[in-house]
Amino acid sequence: MNILTNADLHCHSDVSDGTLTPEALAARAKANGVELWALTDHDEVGGQQRAMAAAAAHGLPYLTGTEISVSFADVTVHIVGLGFDPDDPHLKAGLAATRGGREARAREMAEQLARVGIKNAFEGALKYVGNPDLISRTHFARFLVETGVCNSTHEVFRRFLTEGKPGYVPHRWARLRDAVRWITEAGGQAVIAHPARYAFSPTQEYALFSEFKQHGGRGVEVVTGSHSAAEYVKYTEMAQEFDLYASRGSDFHSPDESHTDLGTLPPLPGQLKPIWELLSARVV
Ligand code: AMP
Ligand code: MN
Ligand code: MN
Ligand code: MN
């Protein structure tokens, strides 16, 4: 494995808010030429054994994964964990605590939507939920597309479910230091997911990177389905400035919704150190 390895270390199955099973994702990753894969369901490791078994059946090298929701400076930040022991009790307890509260949040989201004339959104979203512990905004977005309120999930997030729009319910997720600790103490590496997606000032972004490093985080996604080419350049520089290893992942959720398919991103810029260098002993 080297910088050019076709690694895809960020995607979602129906164990969180993706639409494909872990087995279907493994087959798709293999077919698309992925050479190192991780399934990173939100706040959940319930799909890891299935992903690992399916990857093994395809002869596809695999790293365990998850994507933890964190609240930092009142903004939701995602931290990807890679190469940890999926049976680690502290990690599992931390993820369970992070998942808790999603149902109450979803009921509040539905109440807000009802006030703007969209009825039965809780029940509607639940139809798309593969894991009852993990009802997410994505499931509401699918319901709003199904009922014709919006034409695409992207339109949903422009008009609903985000700050200042109907259906947005602020939520307190895990603390940055806890998320990084759960991952690293379980033998894995923590990675800042899609840094360009957060509404931070430069000062706040600097604080995120600094505190992440202080807590033991080692990686940042540079090449992700959420970044533009200009953002690859910006976060290449940030990775170098903060001496972080770089990660690469599509953030694939669904053949119908995601514009970036598994394994189709450009390679990491050659001057970076790939996070999989740190994780070679954790590949199964
Ligand atoms: P939640 O964890 O319930 O807050 O839902 C977050 C999920 O919503 C993310 O992981 C994405 O899958 C999806 N999402 C958030 N913002 C957008 C967006 N602008 N366009 C499409 N999907 C989005
Ligand atoms: Mn998602
Ligand atoms: Mn994310
Ligand atoms: Mn993701």
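## A buried histidine at the metal site

His10 has a relative accessibility of 0%, so it counts as buried (under 20% relative accessible area; exposed is over 50% and partly exposed lies in between, with a 1.4 Å probe and protein chains only). A quick note on the source: this is a predicted model, in which local features need pLDDT of at least 70, side-chain atom pairs count only at pLDDT 80 or more, and totals for chains, interfaces and linings use all residues. Residues are numbered from 1 along each chain as its sequence is written, chains are lettered from A and ligands numbered from 1 in the order in which they are written, and side-chain values use heavy atoms, without hydrogens and water.

Donors here are N, O and S atoms within 2.8 Å of the metal (3.2 Å for Na, K and Ca); water is not among the atoms, so sites may look incomplete.

His10 sits in the loop between strand E1 (7-8) and helix H1 (22-31), and Asp251 in the segment after strand E7 (245-249), so the pair ties together parts 241 residues apart in sequence. Helices (H or I, at least four residues) and strands (E, at least two) are DSSP runs, numbered from the N terminus. Asp251 is also buried, at 11% relative accessibility.

## Manganese ion (ligand 2)

The manganese ion (ligand 2) lies 4.6 Å from the manganese ion (ligand 4). Asp17 (OD), His42 (NE2) and His253 (NE2) coordinate the manganese ion (ligand 2) at 2.1 to 2.2 Å. Asp17 is buried at 3% relative accessibility, and His42 is buried at 8%.
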